[in-house]
Every structure is written in C-alpha cells, then in structure tokens.
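Here's a quick briefing to read alongside the model. Have the structure open and follow the points topic by topic.

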Amino acid sequence: GIQPSLVTRAEAGSRRSRCAAAMSFQIPVPPGMTVEKEDSDSDPEAVALRQQRRQEREAREAREEAREKEAAERAAARRAEEAGKELFLQRICSTGDQVRAHLSSTKGGRPDDFEKRVAVATELREEAKAKFEASVLDEAVLLWFCAVHCLDFTANELSERAEASADGQRVRNMVIPILSNLAVALRRTGDLAAAQSAADLGLDVAQALPYKDSKPLRVKLRFHRALVRGELRDFAGARDDVRHVLQLDPEHAGAKCVLKNAQIALQREKGPEDLRWKGPLTVALPTKAKSSQGSSSLAHWKIALLIVLG
C-alpha cells in the first residue's frame, strides 16, 4: 500500500493546486479551504506603489477642497462688497458727480434718513415730470437721475430697517417707473446707450417684485427698450421685446406696429443700404398705395401718445 506520509504530501499538493486555480479563475473556494494571500501584499514595491497612489489621491482631494473653500470665500466677499454698494445710478449715469452737485445745490444734498430720502425723491420725480411735459428733456433727465440717487439704498442700509422687506418693495415700486421714464427721455435726447441701460436696470429691479404687481411695469420697460433697440438697429432684439409685450398684453397696439416694422426692417437689412429701414419703428406703414400721408401721420401720433401716456 501507499505510505501515509506520501498520501499526506500528495493531498497537500493537490489542495494547493485547487486553491491556485480557484484564485486564478475567481471561483468560490469550497468551505473549509483557505487561500493564501497574494504575494503583492508582502511585496515592498507593490506596497509602496499603493501608498503613493493613496497619497496622490488625498493630495488631489485636498487641493479640490481648498479651491472650493477659496471660491466660496471670494463669493462671500463679493456679496459683502455688493451689499455696501449703491447699484442704481452707476449703471445708468456716467455723470454722477454732476447729479450729486445738482442735488446739493437745489435740495441741500441727499438726506441720510430713509423717509426724508423717499420724500425728496418724490419731489424730484414730480419736478422731472413737469419738465418732460414742457419738452425740457435735459433738465427732466437730470432731475430723474437725482431721484434715482435718492432711492439708491444699499442692501446693508435696507437690512437695518425694521420693515426691511416692505421698505425694499416700496423703493423698487418707486424707482422702476422713473427708470421707464428715463428710457423714454434718454432715447429722445439721443443717448441710446443710457436709455437701454435704464430699461435693462428697470427690468432687473422688476424681477424682485411679484409678477402680478410688476406686469404693467414690465410691459412698459420692454416696449421702451424695443424702441431703443430699433434705433440702435438691433431689429432682432426689438422684435423679441415686443413679442414678449404681446404675450403679456395681446392688444398692445404699439407693440403690434413695432413687431410688424421690426420684421420688415430685418428683411431689408439683407438688401441694398438705400432700401434699409430708416426712422423709428413706431411709424405705421400705409396698407394701401392710395393711403394718404395724413392718415399715416395720424396713426403715428396715436402710437406716440401710447408710448408717453400708456
């Protein structure tokens, strides 16, 4: 028979072979059998490589965490800086010193008290309206700028108020119509860039108001900006603005006229220069060849009245 020692050695060799095969093909090892650890667990070179990879991964994660922390700190610093800034006048007026000087000479400067500033802004708004109706446009613009300056509260100043939210809404409700009027007056004086900035700012401020309450203001601002864009020959922008107006107010006669003219102007821009659109987009084109010049002029004045009084 076979000696016991030889059987034991043969069985052990067979067991090791089965374990190696199981590890190689990643099949489950039968119960009761043990698998020897891979040689890489004790291989100094493999251990060093895994440690290096772990250190590199931890270093990348640390750098990413540091970048995110730095970005968050910069954002917080910007918010803190913005909260202490006056944001209205600087966006629409390049002559802030002249505005402050005029306010100082006519009203003794801008008051510090919230209610007094609102009261002075109200006075200036009415004075500007009278100048505008008298066609003294430059003075009207200056007075409206002064009113905006009075209403230019920083976020920090408003946050100190007991009724910060209500006071913020109150300021926005006052400043948006002034910006709408400035968009009209500045366009008429030929300062188209400032006119567009006034309309842009008005629409930005309106975002903070409830949609239902701000809808009429948005209509006016969009329409006024469409007219400015038309004079800047941005007919696509004008078309988009009046389309938005018509979504809010489908019966807006001025917007219907401007939309039709903006589409015609866009088509003519592709043709000879002498056939391209000239003049404001509010001009109502005659629908028939026999339409008289008088009827066209009358339609134009009707639309002009809607722009000013609407």
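In this predicted model, the side chain of His252 reaches over to the backbone nitrogen of Ala255, at 3.0 Å. His252 itself sits in the loop between helix 11 and helix 12.

**Around His252**
- His252 comes out at 15% relative accessibility, and because the cut-off for buried is under 20%, it counts as buried.
- Setting aside neighbours within four places in sequence, His252 is in contact with Val219, Phe223, Val245 and Leu246.
- Two of those partners, Val245 and Leu246, also turn up among the buried residues of helix 11.

**Helix 11**
- Helix 11 covers residues 235-248, which makes 14 residues.
- What's buried here? Phe235, Gly237, Ala238, Asp241, Val242, Val245, Leu246 and Leu248 are.
- Those buried residues pack against helix 10 (211-231) and helix 12 (253-268).

**Where helix 4 crosses helix 6**
- The axes of helix 4 (residues 96-107) and helix 6 (residues 137-150) come within 9 Å and cross at roughly 90 degrees. That angle falls in the 65 to 115 range, so the pair is roughly perpendicular.
- On the helix 4 side, Gln98, Val99, Arg100, His102 and Leu103 meet Leu142, Leu143, Phe145, Cys146, His149 and Cys150 of helix 6.
- By type, the residues of this contact split into seven nonpolar, three polar and one charged.

Terms used:
Residues are numbered from 1 along each chain as its sequence is written. This is a predicted model: local features need pLDDT of at least 70, side-chain atom pairs count only at pLDDT 80 or more; totals for chains, interfaces and linings use all residues. Side-chain values use heavy atoms; hydrogens and water are left out. Helices (H or I, at least four residues) and strands (E, at least two) are DSSP runs, numbered from the N terminus. The expected span of a helix is 1.5 Å times one less than its number of residues. Buried means under 20% relative accessible area, exposed over 50%, partly exposed in between (1.4 Å probe, protein chains only). Contact means heavy atoms within 4.5 Å. A polar contact is a pair of N or O atoms within 3.5 Å; within protein, one must be able to donate a hydrogen and the other to accept it, and residues adjacent in sequence count only if both atoms are side-chain atoms. Axes are lines fitted to C-alpha atoms, for helices over the stretch in contact, and angles run from 0 to 180 degrees between N-to-C directions. Angles under 35 degrees count as roughly parallel, over 145 as roughly antiparallel, 65 to 115 as roughly perpendicular and the rest as oblique. Ala, Val, Leu, Ile, Met, Phe, Trp, Tyr, Cys and Pro count as nonpolar, Asp, Glu, Lys and Arg as charged, and the others, Gly among them, as polar.
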